[in-house]
Amino acid sequence: MLSSVRGSTALLRTCLSSSTARPCLPAFSRWAAPTANHQIRTYATDLWEKKANTEMKDALSRTTSLFKTYKPVSPGIRHLKRPLNSHLYEGRPVRLLTIAKRRSGGRNAHGRITVRHRGGGHKQRIRTIDFMREEPGVYDVVRIEYDPGRSAHIALVRSRSAEEEGTRKWKYILATDGMRAGDEVQSFRQGIPEGFIPGFDALAAEEQDAADGERGQAAGGKETSAHSLALGILRTMTLKPGNVLPLKLMPPGTVIHNIALKPQGPGILVRSAGSFGQVMSHEDAGRYSHIRLQSGEVRKILADCCATVGKVSNPLWKSINLGKAGRSRWLGWRPAVRGVAMNSNDHPHGGGRGKSKSNKHPVSIWGWGTKGTRTRKPGPKGPKNSNKMVIRERPRGKEKRSN
């Protein structure tokens, strides 16, 4: 191999052994004019430069624009596919904001399995996420982290207030799609602080006095226009991804997540990776807002309830391919056995010969229909006053397939 390089092996030996001698220049550099910044490279540096680490990584990984795939040097990584998340922090979490996760293996106090397909898995610590976001003020995003207890990513934020300490200064929140270290988030759950927009408080007070005093249409129209302008400025300054706002301050069409169902309660809706809701409209009375959820259901939620602006992070989570059964076991999931492979006393599909369920309708292990059977009756189609908050049910069956 060395003899194929320009020059003989004796020349190479001379270059390697003599460090004080004149360096052996490549042929093209003999006629090139020397410069101050020109680095003279010898045959030795060209041939024996160490690139082992980078070459190994490049050989095993085949990156695309969205996912990272691997060269199939083993069956376990042939179909392995992971999203590219170079912005995630690779260190450990803040231990003060975590608690140990105790596993039950899906068993109750009597030792009987009540939740199937659970057991084993790697040791984990639960990250305590702040779903309330009650403290006002500006919080700086320190880093984005992986959370083993949920599909979405989380963000470590720090308060700018010098008076806060401990868990009031450092918090974990759900990361919004596109959130990065260095961003700023703020909570307006306690209301808009005074002086946030110059003149907005006085203008709102004048608007209230005009409504109570029954002024003329011209004056009232002028104040309404000014109030609308101030409201537009307010929305421009507050409607930023990661900020928490009451639903009544969000215009129709706003994308939201982490939606609360009580004005003083935590966010419980739309929290998984890549999910989002949308503000459809506000009622004229101002009591309820119509929110479209991720399933397509439209329901009424109190306008005083709060939600976070933006879409939940890690939208490519559903496209992950674990590659092998072992990675599913690492996550704490045990195998799922088909019903037709069981005995008749273990499953309604069990028993018989071959892979047949004996001309039965498909049912679950508990006997209720597993394809299309309604297990709850919400909204207009259910019993009277069963769920008055549902305006339009989520699409099912043919309606869902047509979308």
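Predicted model: local features only at pLDDT ≥ 70, side-chain atom pairs only at ≥ 80, totals over all residues.
Residues are numbered from 1 along each chain as its sequence is written, and side-chain values use heavy atoms, without hydrogens and water.

**Entry: Trp333.** I placed Trp333 in the loop between helix 6 (325–330) and strand 18 (390–392); helices (H or I, at least four residues) and strands (E, at least two) are DSSP runs numbered from the N terminus. I also found Trp333 in a nonpolar surface patch of about 570 Å², together with Tyr146, Trp317, Ile320, Leu322 and Leu331.

Entry: I traced seven strands in the order 10-17-11-14-15-16-18, with antiparallel pairing; two strands pair if DSSP finds at least two bridges between them. Strand 10 (244–246) and strand 18 stand at the edges with a single partner strand each, so one side of each has no neighbour in the sheet. Within the sheet, I noted five bridges between strand 15 (residues 288–292) and strand 16 (residues 298–302). Ser289 has Ile301 of strand 16 as its bridge partner.

**Entry: strand 8.** I found four of the five residues of strand 8 (residues 170–174) buried. Five bridges join strand 8 to the antiparallel strand 7 (residues 154–159), and Leu156 has Tyr172 of strand 8 as its bridge partner.

Conventions. Patch = residues over 30% accessible without salt bridge, like charges linked within 9 Å, V, L, I, M, F, W, Y side chains within 5 Å. Areas by Shrake-Rupley, 256 points an atom, 1.4 Å probe, with all protein chains shown as cover. Salt bridge = Lys/Arg side-chain N within 4 Å of Asp/Glu carboxyl O. Buried < 20%, exposed > 50% of the residue type's maximum accessible area, 1.4 Å probe, protein only.
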